[in-house]
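Subject: Structure for your review

Dear colleague,

Please find below the structure that I am handing over to you. I would be grateful if you could look at it alongside the notes that come after it.

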Amino acid sequence: MTTDGMPQVHTVRRGAPGRLPLVLLHGFPLDHRMWLDVVDLLAGDPTVLAVDLPGFGASPSGPDVAQALGAGPEPSLEVVADGVAAALRAEGVDRAVVAGLSLGGYVAMAMVERHPELVAGLGLVDTRSTEDTDEARERRREVARTVRAEMRVDAVLGMRTALLGATNRVARPDLSERLERWIRDQGPAAIAYAQEAMAVRPDRTAVLAGYRGPAVVVVGDEDEIAPVAAAQHMVDALADAELVVVPQAGHMTSNESPEPVAAALGSLLARAQG
Ligand code: MLT
């Protein structure tokens, strides 16, 4: 299978052969680099594949991925999930532990629904299985209109602090600076596509209820975007899930407190490996 028009898969760590790889899906509006703090800390020597979702980092745009898949141009997380699955298969990966933060979690859940044979274990980090409220949908559409009209990413720059917990907004100015750099590296078209795709995503709680593999749900106790109650809702739906609440961290547990996130994903890999 060709990787032309498919999301970019970065092999960020090559581990012991014969073990399940870990696939990492990033949050909005970032790219695969947000996972690197965690990757450095992972025990068990896994191969780690970190994906740039359509339009972000080095990946082709959402409409280009859709065209390569023969799908329509309307923004859709189903297209994103199908693109990631196709890109992984093109890399020879038929089965993996899949973990995503926030937007990445929405895509991981769409992969469980559409490509269940691929998902040997599921990591849901600072994300939610429920759909948006009408108000949240309208806010996303407004952001999409603004970034398209301005051809700049300024409308989402406020996320450099909103993504952090109250503690680290004050204590870790280095993190908001990194987030700003990563956000400025993304294009307005990617931001608009992702916002419009997230706005129409369905509730996937029932998908989680049907999932039988091992799962871990990780959440910062100061996450205001996908709070602890949203994490608990997913744990309650899943048949075999652990909950890890990370103290003094917001939505970016992967960077605010990477050690417990790496430990949670390492233990998920061990459970999935059997
Ligand atoms: C993210 O971190 O990916 C976003 O907060 C997801 C969202 O906007 O729902």
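The notes below describe the ligand and the pocket around it. Please bear in mind that this is a predicted model.

The ligand

The residues that surround the ligand are Gly 27, Phe 28, Ser 102, Leu 103, Tyr 106, Arg 140, Leu 163, Met 198, Ile 225 and His 251. Sorted by class, this shell consists of six nonpolar, three polar and one charged residues.

With Tyr 106, the distance from a polar side-chain atom to a ligand oxygen is 2.6 Å. Arg 140 likewise places a polar side-chain atom 2.7 Å from an oxygen atom of the ligand. Phe 28 contributes through its backbone, where a polar atom is 2.7 Å from a ligand oxygen. On its own the ligand has 270 Å² of accessible area, and the protein covers 93% of this.

The pocket

Where does the ligand sit? It is found in the largest pocket, which holds about 600 Å³ of space. This pocket is lined by 28 residues, and those closest to its centre are Arg 139, Arg 140, Met 159, Gln 195 and Ile 225. Two or more lining residues come from each of α4 (103-114), α5 (134-150), α6 (159-162) and α9 (188-199). The largest share, four residues, belongs to α5. In terms of class, the lining of the largest pocket comprises 15 nonpolar, six polar and seven charged residues.

With kind regards

Definitions and conventions: Residues numbered from 1 in each chain as written. Predicted model: local features only at pLDDT ≥ 70, side-chain atom pairs only at ≥ 80, totals over all residues. Heavy atoms only, no water. Near = heavy atom within 4 Å. Polar contact = N/O pair within 3.5 Å; in protein donor to acceptor, adjacent residues only side chain to side chain. Areas by Shrake-Rupley, 256 points an atom, 1.4 Å probe, with all protein chains shown as cover. 1 Å grid on protein atoms, 1.4 Å probe; cavity = no way out; pocket = protein on both sides within 12 Å on 5 of 7 lines; lining within 4 Å. Sits in = over half its atoms within 2 Å of the grid points. Nonpolar A, V, L, I, M, F, W, Y, C, P; charged D, E, K, R; others polar. Points joined across faces, edges and corners; volume = space filled by probe spheres on them.
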